[in-house]
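Subject: Structure for your review

Dear colleague,

Please find below the structure that I am handing over to you. My findings follow directly after it, and I would be grateful if you would read them beside the model.

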Number of protein chains: 4
Amino acid sequence: MIKVGIVGASGYSGSELLRFLANHSGGLQVALCTSETYAGQCIDTVLPNLRGFLSSAFEPLDLDSLKERVDAVVLAVPHKVAMSFVPQILAQGLRIVDFSADYRLGDAETYEAWYHAEHTSAELMPQAIYGLPERYRAKIRDAQLVANPGCYPTSAILAAMPLVAQGVVELDSIIVDSKSGISGAGPKPRENTHYPNRESNVAAYNIGVHRHTPEIEQELSAVASETPVRVTFTPHLVPMTRGILSTVYMRLTEEMSTQETLDIYSGFYEHEPFVRVLPSNTYPETKAVLGSNYCDVGLEVDTRTRRVVAMAAIDNLGKGAAGAVVQNLNLMFGFNETDGLKVPGMMP
Amino acid sequence: MIKVGIVGASGYSGSELLRFLANHSGGLQVALCTSETYAGQCIDTVLPNLRGFLSSAFEPLDLDSLKERVDAVVLAVPHKVAMSFVPQILAQGLRIVDFSADYRLGDAETYEAWYHAEHTSAELMPQAIYGLPERYRAKIRDAQLVANPGCYPTSAILAAMPLVAQGVVELDSIIVDSKSGISGAGPKPRENTHYPNRESNVAAYNIGVHRHTPEIEQELSAVASETPVRVTFTPHLVPMTRGILSTVYMRLTEEMSTQETLDIYSGFYEHEPFVRVLPSNTYPETKAVLGSNYCDVGLEVDTRTRRVVAMAAIDNLGKGAAGAVVQNLNLMFGFNETDGLKVPGMMP
Amino acid sequence: MIKVGIVGASGYSGSELLRFLANHSGGLQVALCTSETYAGQCIDTVLPNLRGFLSSAFEPLDLDSLKERVDAVVLAVPHKVAMSFVPQILAQGLRIVDFSADYRLGDAETYEAWYHAEHTSAELMPQAIYGLPERYRAKIRDAQLVANPGCYPTSAILAAMPLVAQGVVELDSIIVDSKSGISGAGPKPRENTHYPNRESNVAAYNIGVHRHTPEIEQELSAVASETPVRVTFTPHLVPMTRGILSTVYMRLTEEMSTQETLDIYSGFYEHEPFVRVLPSNTYPETKAVLGSNYCDVGLEVDTRTRRVVAMAAIDNLGKGAAGAVVQNLNLMFGFNETDGLKVPGMMP
Amino acid sequence: MIKVGIVGASGYSGSELLRFLANHSGGLQVALCTSETYAGQCIDTVLPNLRGFLSSAFEPLDLDSLKERVDAVVLAVPHKVAMSFVPQILAQGLRIVDFSADYRLGDAETYEAWYHAEHTSAELMPQAIYGLPERYRAKIRDAQLVANPGCYPTSAILAAMPLVAQGVVELDSIIVDSKSGISGAGPKPRENTHYPNRESNVAAYNIGVHRHTPEIEQELSAVASETPVRVTFTPHLVPMTRGILSTVYMRLTEEMSTQETLDIYSGFYEHEPFVRVLPSNTYPETKAVLGSNYCDVGLEVDTRTRRVVAMAAIDNLGKGAAGAVVQNLNLMFGFNETDGLKVPGMMP
């Protein structure tokens with residue numbers, strides 16, 4: 001049995017992880033939940049859906065004693081905060097899955113350009129493994145530090161990867177138009193998460209400067225054998241709590257039908273337990289993956305313009321966050337990769 | 001292992017039952033799914049959240065061969081349809097849980113008065129057990145035919161039962177004001193389930209004539225040792241897919257504080273795995289039980305008017321339908337009562 | 001032409017007032033908009049729906065110069081703040097409509113009991129007119145200080161008033177169960193207005209202690225010729241931005257049919273331009289009054305329990321706030337009472 | 001005074017037109033409302049938001065007597081139905097605004113290719129004027145037959161037109177990614193408008209085959225002096241009733257900053273009463289135009305990829321349908337172009 005400590009467990013990623021782990025067959029046990037805001041309060045008072053599941057209290061973080069309490073640490077704290085903890089935790093020999101962006105990018109320069117912050121442990125960046133099992137499964141098994149992917153990148157990469165890998169799309173003209181639920185902005189009330197501001201409302205934000213852009217480009221460039229991939233990424237908020245639909249536009253370098261293109265996807269994801277390639281004329285919808293670790297992928301070739309319109313739907317808190325962490329922990333500690341995750345989306 | 005056949009498995013109650021059973025440890029196996037509308041189509045094409053879970057097809061119903069295929073039958077068909085199947089299924093020695101209202105009431109007369117339809121197997125009504133484990137646990141274990149409670153009655157009865165049992169409220173002035181998500185109306189598109197008609201909209205319906213009224217009155221009267229209980233029941237539709245909050249108004253016959261009243265509830269539900277009594281100053285919210293089999297109960301005593309305002313929140317498709325069926329099946333077949341059901345609500 | 005100054009114009013009540021006044025035929029002109037938060041910023045930058053309508057800027061409040069700028073002042077500030085401005089504004093001879101609760105109650109004692117704050121100008125309370133034209137039309141015309149009613153009270157009073165006035169309901173057993181959109185909580189982001197906390201969620205709040213309770217009781221008691229009326233009032237938040245549906249339960253002291261009861265309502269509101277009594281079998285829905293100054297009232301008599309279930313639907317920002325202010329200003333300054341207000345609700 | 005007859009007035013476009021005309025200063029009078037479904041029923045029973053506004057009844061359509069009743073006809077019927085009425089109405093000398101797609105395209109061949117239906121009055125297509133005042137204002141004034149634009153095309157064309165006109169974008173790589181509210185699908189309940197299917201759900205539909213595609217291409221090609229423009233158009237449904245946000249991706253043929261690009265838009269729309277160009281760093285949001293005839297346009301240049309991300313927000317039933325009809329009627333009959341339309345969007 002592996003004892004897991006969750007640092008920052010009261011946020012949306014952390015609490016969703018607790019929800020997923022309630023379904024785990026038992027090999028992963030929550031041994032510690034820390035929260036700066038709620039230290040001392042009962043977990044199931046703060047998170048009322050977990051009433052009856054976790055009667056212990058949130059604790060303050062004591063970095064020095066982590067090793068006595070847990071075998072693995074999940075960091076569910078913002079970027080910059082994560083890198084202030086990681087070196088010390090690794091030094092204790094503990095394995096880490098980090099929800100934050102601090103170790104997702106391969107070099108400090110890119111990090112600093114997009115995050116406008118100095119990276120204080122750049123020397124650890126090369127050893128961090130990008131936690132996308134569909135690409136790095138083997139490396140994740142042995143990783144000491146796993147950087148859990150961002151929610152938008154997970155959807156964009158899974159939608160684009162098969163064709164980029166196949167080498168049949170123009171690499172400088174990829175467009176990612178994403179529609180996200182509001183929970184991606186976290187539990188802290190802000191003007192742009194205020195109910196009356198988001199209900200009946202759709203708008204884009206952070207065009208050209210969203211920090212998930214370099215993450216998408218890095219991973220797709222790697223898939224393209226380091227031919228640089230440039231994407232135009234436009235995130236939008238739509239009136240729902242959970243879910244991301246990313247619509248990815250790619251121009252084909254050769255003529256292909258929808259079915260031929262789908263076959264490439266089906267082959268590429270043949271053995272993936274959580275990527276479901278939809279048949280032709282069927283498009284992903286976010287509700288089909290609600291609350292789950294699944295990613296539904298579908299596409300249509302617009303033959304008039306030789307463009308593939310590929311779509312991926314995930315739950316931003318599931319496959320886009322906490323589900324992926326469970327999948328990574330399962331790989332790291334030798335559990336069945338799907339343990340705790342074979343839960344269907346909630347429909348209707 | 002018990003093989004379960006679900007008749008009418010493509011509706012909301014049936015498909016939610018499939019979702020719950022995906023979490024069951026294995027003792028209950030779905031051996032047959034029938035659907036009049038979708039017979040011949042793959043289950044996971046019709047229900048996209050179940051892709052990868054059930055690759056078999058919906059079948060037409062063949063009443064005669066049920067016994068060869070299954071050990072238990074769940075009827076997820078409308079009232080009147082259910083009673084046209086029940087006698088024949090019972091005659092084969094199969095045990096039944098019936099989602100419909102056909103066997104919930106104790107006598108054909110009341111049924112016919114509220115449902116405006118003749119009851120064609122009134123002789124079976126007395127042997128049917130009302131499937132509310134919080135009241136009939138022992139009888140359910142041995143039942144041949146379990147009438148699964150209605151969603152509104154589940155919430156209303158669980159909110160009112162402790163005080164009615166205690167004999168401290170006026171029995172002729174109980175008011176049940178319920179707020180329900182839209183999924184209670186089923187999967188068939190209708191004018192009052194059309195998205196633009198329900199979004200940003202709240203309205204009452206069926207005041208004074210809703211068919212769940214006699215069900216609530218029957219069960220609360222039984223709790224009151226057959227002193228007749230009369231309720232004013234007003235259901236409302238609110239803009240959400242799942243969830244019911246029932247606000248129940250009861251006048252106390254003696255002065256009691258909120259805490260004293262809560263203590264009665266805590267005692268009453270002390271051993272119930274799925275009823276969670278909330279502490280004072282905390283009121284049930286539907287989202288805390290979303291997708292789960294939990295019922296959260298809370299209350300406040302308005303001392304100025306000597307009224308208890310008791311509230312119960314359930315997911316109408318969970319504790320109000322499919323979750324309750326799993327709980328009943330677990331009881332009937334000797335499984336752990338909570339098997340497949342220890343899943344937290346989905347928050348946020 | 002009457003020049004109106006709006007103090008606190010950037011909040012929901014103030015900005016909705018600006019939206020309504022854009023429809024006014026011209027007799028009421030917005031001459032001043034103050035905002036503590038946004039002083040110096042263009043109105044139509046802060047309120048993007050008003051782009052092109054108001055190109056001036058919010059100003060800081062200068063109490064001393066109000067008289068030089070305006071003929072009437074609308075106070076759209078919180079309670080306690082309002083009473084710190086009112087005496088000085090009245091002293092300048094300006095007429096006031098006050099959105100806040102500071103002058104709605106008839107005596108300081110009740111105010112202090114429910115608002116837990118000292119009333120600093122109790123001497124002005126008796127002269128303030130409760131701004132419900134359906135009851136105080138004549139007095140409003142001559143009023144110097146109009147206390148605009150609360151949103152919940154408007155709906156509750158309009159739903160109950162005809163029967164209370166008729167003297168045919170028990171006065172100690174009235175229950176008001178209200179369902180409100182989120183905008184009632186104002187524009188400031190808070191935990192209970194955070195989109196993910198309110199979407200798919202229904203819950204009650206402030207049971208027994210909501211400050212609108214004494215306002216409802218005061219006005220219904222006045223209607224009942226000062227026989228004290230006591231109400232149990234339970235407000236709920238439902239997932240929509242605007243709209244209140246109040247379901248009011250009253251026990252009849254004599255037997256009456258639904259149609260007889262409706263006739264009382266139709267007679268009572270016969271000459272009211274903004275109260276629409278719905279025919280039998282038709283219940284109010286909030287969407288039919290969305291964005292408007294209308295109040296739709298309907299009812300059903302539950303003959304089994306001799307209870308009237310009366311319902312009123314308003315837009316909490318329309319008839320429940322800014323629409324009522326326009327109606328009051330029209331009365332105070334001799335304009336057609338419906339000027340700027342004959343706008344249908346927005347459906348679908 | 002111009003008497004207007006609305007054929008098909010009970011649908012969403014027709015009823016929204018009635019709502020807009022309630023604000024008109026009086027020159028346009030609704031003299032006839034026909035409805036196949038509701039003939040004989042009171043308008044304000046069918047459309048509860050209009051209670052008290054229109055007490056007359058829907059009538060059956062009598063084509064022959066139109067001339068005796070009205071001066072202008074608005075056709076709010078589906079495509080194919082419209083063209084079965086138009087020749088006969090024109091023959092009576094009546095002027096028409098047609099909500100449908102039947103006369104939007106310039107030639108029968110394109111119509112038949114996309115609509116899979118024969119055009120039965122192709123000879124009238126050349127004389128129909130595409131009712132986009134921002135492009136055809138002068139021609140609309142004199143038109144006998146105005147084809148009111150589709151909702152998606154209105155948003156896409158207004159977002160792209162200034163740069164296409166300026167000749168600074170690649171014409172073969174324009175992508176239109178649209179997010180629409182559900183009311184675009186009309187009032188008839190269907191599976192994809194069923195509340196539980198659309199709440200918490202985002203999905204694309206009709207990729208590559210949506211019938212608004214040739215309309216967008218025709219108009220943008222005309223703007224480009226008949227250089228053929230090809231667009232990839234992907235409509236999505238998002239969980240709201242009204243509103244369209246179209247995100248349009250265009251590659252610049254030369255380097256331009258966001259501000260330089262915005263200046264082109266500001267110049268282009270300088271005299272337009274209903275197109276509001278937003279300042280830099282401000283993006284359109286659908287709620288700011290809710291219920292109005294405004295179109296908010298904003299943009300960002302992604303200099304890394306030399307792409308303009310231009311966005312337009314409209315209410316699909318306002319500027320995308322009924323508002324545009326009023327604007328066109330105003331032009332055709334010599335009223336002030338903005339009469340009945342200077343109504344701000346409803347926020348929050």
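A:Val77 is buried, because its relative accessible area is 13% and the cut-off for a buried residue is under 20%. Please bear in mind that this is a predicted model. A:Val77 sits in the loop that runs between strand E3 (72-75) and helix H4 (81-91) of chain A. Leaving aside neighbours within four places in sequence, A:Val77 is in contact with A:Val7, A:Gly8, A:Ala82, A:Phe85 and A:Ser100. The C-alpha atom of A:Val77 is also separated by 7.1 Å from that of A:Phe99, a residue 22 residues apart from it along the chain.

I turn next to a pair of helices in chain A. Two packed helices are described by the angle between their axes and the distance between the axes. For helix H6 (residues 133-142) and helix H11 (residues 318-332) of chain A, the axes come within 9 Å and cross at roughly 35 degrees. The crossing of H6(A) with H11(A) is right-handed. On the H6(A) side, the residues that take part are A:Pro133, A:Glu134, A:Arg137, A:Ile140 and A:Arg141; they meet A:Lys319, A:Gln327, A:Asn328, A:Leu331 and A:Met332 of H11(A). By type, the residues of this contact divide into 4 nonpolar, 2 polar and 4 charged.

In chain C, helix H11 (residues 318-332) holds C:Asn328. C:Asn328 is buried, with a relative accessible area of 0%. What does the side chain of C:Asn328 join through a polar contact? The partner is the side chain of C:Asn148, at 3.0 Å. Beyond neighbours within four places in sequence, the residues in contact with C:Asn328 are C:Gly131, C:Pro133, C:Ile140, C:Val146 and C:Asn148.

The interfaces of chain A come next. The size of an interface is often given as the accessible area lost when the parts come together. Between chain A and chain B, the buried area is about 2700 Å², and carbon and sulfur atoms give 58% of it. In chain A, the residues that lose the most area to chain B are A:Arg51, A:Met346 and A:Pro348, which together make up 25% of what that side buries. This contact takes 33 residues from chain A and 33 residues from chain B. Chain A and chain D bury about 3800 Å² between them, with 56% of it on carbon and sulfur atoms. Here A:Val202, A:Ile207 and A:Arg304 lose the most area on the chain A side, together 17% of what that side buries. The contact of these two chains takes 46 residues from chain A and 46 residues from chain D.

Some features of the backbone also deserve a note. The peptide bond from C:Met347 to C:Pro348 is cis, with omega near 5 degrees, and C:Pro348 lies in the segment after H11 of chain C. The peptide bond from D:Met347 to D:Pro348 is cis as well, with omega near 0 degrees; D:Pro348 lies in the segment after helix H11 (318-332) of chain D.

B:Glu226 is not a glycine, yet its phi is positive, at about 70 degrees. It is found in the loop between helix H9 (213-223) and strand E9 (231-237) of chain B, and B:Glu226 counts as exposed because its relative accessibility is 57%. C:Ser200 likewise has a positive phi, near 55 degrees. The loop between helix H8 (195-198) and strand E8 (203-204) of chain C contains C:Ser200, which counts as buried at 9% relative accessibility.

With kind regards

Technical notes: Residues are numbered from 1 along each chain as its sequence is written. Chains are lettered from A and ligands numbered from 1 in the order in which they are written. This is a predicted model: local features need pLDDT of at least 70, side-chain atom pairs count only at pLDDT 80 or more; totals for chains, interfaces and linings use all residues. Side-chain values use heavy atoms; hydrogens and water are left out. Helices (H or I, at least four residues) and strands (E, at least two) are DSSP runs, numbered from the N terminus. Buried means under 20% relative accessible area, exposed over 50%, partly exposed in between (1.4 Å probe, protein chains only). A polar contact is a pair of N or O atoms within 3.5 Å; within protein, one must be able to donate a hydrogen and the other to accept it, and residues adjacent in sequence count only if both atoms are side-chain atoms. Contact means heavy atoms within 4.5 Å. Axes are lines fitted to C-alpha atoms, for helices over the stretch in contact, and angles run from 0 to 180 degrees between N-to-C directions. A crossing is left-handed if the near helix is turned anticlockwise from the far one by less than a right angle, and right-handed if clockwise. Ala, Val, Leu, Ile, Met, Phe, Trp, Tyr, Cys and Pro count as nonpolar, Asp, Glu, Lys and Arg as charged, and the others, Gly among them, as polar. Buried area is the accessible area (1.4 Å probe) that two parts lose on being put together, summed over both.
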